Each structure stands twice: as C-alpha cells, then as structure tokens.
Amino acid sequence: MIPAPRSPAQHALRPARTIATVVLAFLLTIGAAACSTQADDDIPSYAAATRNDPKFTSRFQHKFADVDNVRMHYVTGGSGPPVVLIHGWPQTWFGWWPVMPALAEHHTVYAVDLPGLGDSTGSPTGYDKATLARYVHTLITDRLGVRDARVVGHDFGAAVAFQYAAQFPADTSRLGYLDLPLPGPAVDGPTYRSLSWHIAFHSQRRVPETVVGDDVRAYLALFYPQVSFGGTAFGGTSDRSPFTDAEIDEYARTYRRPEVLSGGFELYRALDKDVRDTTVATPVHVPTLLMTAQGQLDPIRATAAPRITNIVQAVDVPNAGHWLVEENPRFVTTELLRFLDG
C-alpha cells in the first residue's frame with residue numbers, strides 16, 4: 001500500500017511535533033533522574049552498604065541508642081542467646097557481616113560501632129579499652145536489657161571484649177578473643193609499639209592525621225594487604241587484599257570523617273593506659289575462645305594467658321592473616337558456632 005501524500009499543513013506540523021517529543025522525553029528523563037536521586041538521598045548513609053542485601057533486609061536492623069553523650073550505632077537481628085560483636089581498626093560493625101547471618105540462625109546478634117567510630121557519633125571520655133567496654137556494657141545491659149551475653153571482639157575489639165568480661169563477669173557468659181596481642185603484663189607499651197611500623201606510627205600525636213589527610217581510602221587500601229595472609233607484616237610479599245572495593249568504600253565512608261579518623265588513631269595512643277588497666281584487671285575466668293591468624297596462636301596465647309585463665313577452645317585460622325572473618329569466613333563461622341553453642 002502506498003501512503004497518501006502529506007499536505008503542506010501536515011509537513012509544517014511535523015517539526016513542531018518532533019521538537020515537542022524531544023522536549024517531553026528530556027523532561028521525563030530529568031524527572032526520573034531527580035526521583036532516583038531523591039530515592040537514593042532518602043537512604044541513610046549507614047544503610048547504604050546493606051540496602052540491597054536480602055540477607056540483611058529480611059533479618060537485621062540498624063539502630064541507635066544514647067549512652068553518656070555518645071549516640072551508639074549497632075546492628076541487630078536473629079533470635080536466641082545474645083552475642084555481642086565488637087570490631088577493631090580500621091573497621092566497623094560491617095567487619096562481622098560475613099558471619100552474622102549464620103550466627104543469627106542460633107543467636108540474637110548485636111554488632112556495635114564503638115563510641116566515636118563507624119556511625120556512632122559523639123566523643124567518648126577515652127579510647128582506652130576499659131572505658132570503651134563500659135560504653136558497650138551500658139548499651140547492652142542498660143539500654144537493651146541484655147544480660148549473660150557472649151562477647152566476641154577482634155583486633156582492639158578483643159581488648160574491649162576482655163575488659164567487658166573482666167569488669168562485668170556476671171553479665172558475660174563467654175568471651176571470644178580474636179587475633180590481638182593483649183596489652184598488659186606480657187607486652188608493655190614500648191614493646192607493643194615496636195611490634196609493627198603502623199602501631200608506632202598511629203600512636204603519634206597528630207602525625208597520622210596529617211599524613212593520611214584526605215587520602216583515607218588510598219591509605220586503607222594499601223594497609224589491608226599488609227596484614228593479610230602472606231603480607232609484609234607476616235614476612236611475605238603479597239599485596240592481595242581480602243577486601244572488595246565496595247567493602248573498602250564502606251570503611252572509608254566512615255573514616256573520612258576527621259573525628260572518626262582521629263578516634264581510630266586514639267585506639268593506639270591509649271596503649272599505655274591499656275597496659276596499666278590490663279595489669280590490674282581481675283583475671284577473666286569465663287570460658288574463652290582464642291582465635292588467631294595462621295601461625296600466631298602460641299605468641300598471642302602467651303600474652304593473653306596471664307589474664308585469661310579459662311581458654312577452652314584455641315585455634316589459628318588456616319590461610320588467614322589478621323582479617324580472619326574475610327580471609328576464611330567458613331572456618332571462623334564454624335568455630336564461633338561451636339564455641340558459642342557450648
């Protein structure tokens with residue numbers, strides 16, 4: 001079929017109709033983009049990393065509670081006996097995410113952001129681990145009404161967990177102590193700072209903040225491989241990171257805040273007080289899990305044993321450096337569940 005020829009009027013209308021269509025399409029695109037941006041803006045920054053994860057949205061929630069002029073962020077989910085998870089540096093609650101869904105099948109999980117770190121806001125009265133343990137204890141017992149908790153910490157979070165158990169033994173049923181030489185009688189402050197370049201560097205006043213500056217993500221991306229399995233901290237040459245770009249982005253998101261970056265370094269600057277506090281602390285008698293990087297079990301046990309007297313389960317994690325959860329999540333999950341379930 002041959003189409004009928006267009007009239008002059010129809011030809012005159014065609015450009016106008018085309019221009020209107022293009023303009024309408026452009027406006028719709030702008031509108032859609034604006035709606036999309038608005039929707040993204042409606043998601044709090046603390047929820048961005050978990051918003052599209054069905055394992056999170058089906059079971060866990062971000063929550064906040066005020067503790068002595070600090071607004072503490074924590075993530076909770078699951079059901080069963082309570083488990084408190086405490087992170088170290090340079091991480092947040094998110095460092096526990098690879099093991100949390102499995103733990104939540106048997107336990108009520110509380111993964112906290114330490115005061116002044118992660119998405120917790122405000123300044124604690126100190127970054128020594130005894131003080132931080134009191135903040136966590138107030139959150140867990142007074143604000144959430146949880147007693148008889150299983151308390152698990154990694155890195156400096158392990159020292160906080162130790163202090164939690166030492167100060168509040170009646171509220172601690174089990175202690176998980178993951179991969180940290182315990183500052184105290186076996187390792188004094190100067191010796192501790194000599195263990196690694198980064199401990200000495202981070203302990204300096206104002207220097208690490210000045211050097212790192214706005215390059216927080218780049219610094220973290222360089223740091224994570226050094227204490228990974230086969231990294232330079234363990235005498236190797238590997239520069240492989242166990243963290244994805246998205247995970248590094250999430251940690252950098254919080255540590256880019258100047259007060260959080262400084263708070264992280266204050267964890268190191270408090271080492272001398274940590275040594276004194278551990279030395280006078282009541283020895284911990286609750287059943288304890290000691291878990292370390294591959295090959296580090298004996299040296300770390302030597303630092304912990306003077307103050308942790310009831311180590312019922314002690315393992316090093318195969319093919320894992322300092323980042324136990326990220327480097328071998330299946331092994332860590334199995335051992336944690338075996339311990340937590342008694």
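Eight strands make an open sheet here, in the order E1-E2-E4-E3-E5-E6-E7-E8, and the pairing is mixed. Strands, at least two residues of E, and helices, at least four of H or I, are DSSP runs numbered from the N terminus. Two strands pair if DSSP finds at least two bridges between them.

Look at the edges. Strand E1 (60–67) and strand E8 (311–317) each have a single partner strand, so one side of each has no neighbour in the sheet. From one strand to the next, the twist averages 20°. Angles run from 0 to 180 degrees between N-to-C directions, with axes fitted to C-alpha atoms, for helices over the stretch in contact.

A word on the source. This is a predicted model: local features need pLDDT of at least 70, side-chain atom pairs need 80 or more, and totals for chains, interfaces and linings use all residues. Residues are numbered from 1 along each chain as its sequence is written, and side-chain values use heavy atoms, without hydrogens or water.

Now E3 (82–86) and E5 (149–154). They pair in the parallel sense over four bridges. Val83 has Arg150 in E5 as its bridge partner. Helix H5 (156–167) packs on the sheet, touching E3, E5 and strand E6 (172–178). Contact means heavy atoms within 4.5 Å. The direction of H5 makes about 155° with that of E6.

Last, helix H4 (129–143). How many of its 15 residues are buried? The count is 12, so H4 is largely enclosed by the rest of the structure. Buried means under 20% relative accessible area, with a 1.4 Å probe and protein chains only. Among them are Leu132, Tyr135 and His137. Just after H4, Gly145 takes a positive phi of about 70°.

Terms used:
Buried < 20%, exposed > 50% of the residue type's maximum accessible area, 1.4 Å probe, protein only.
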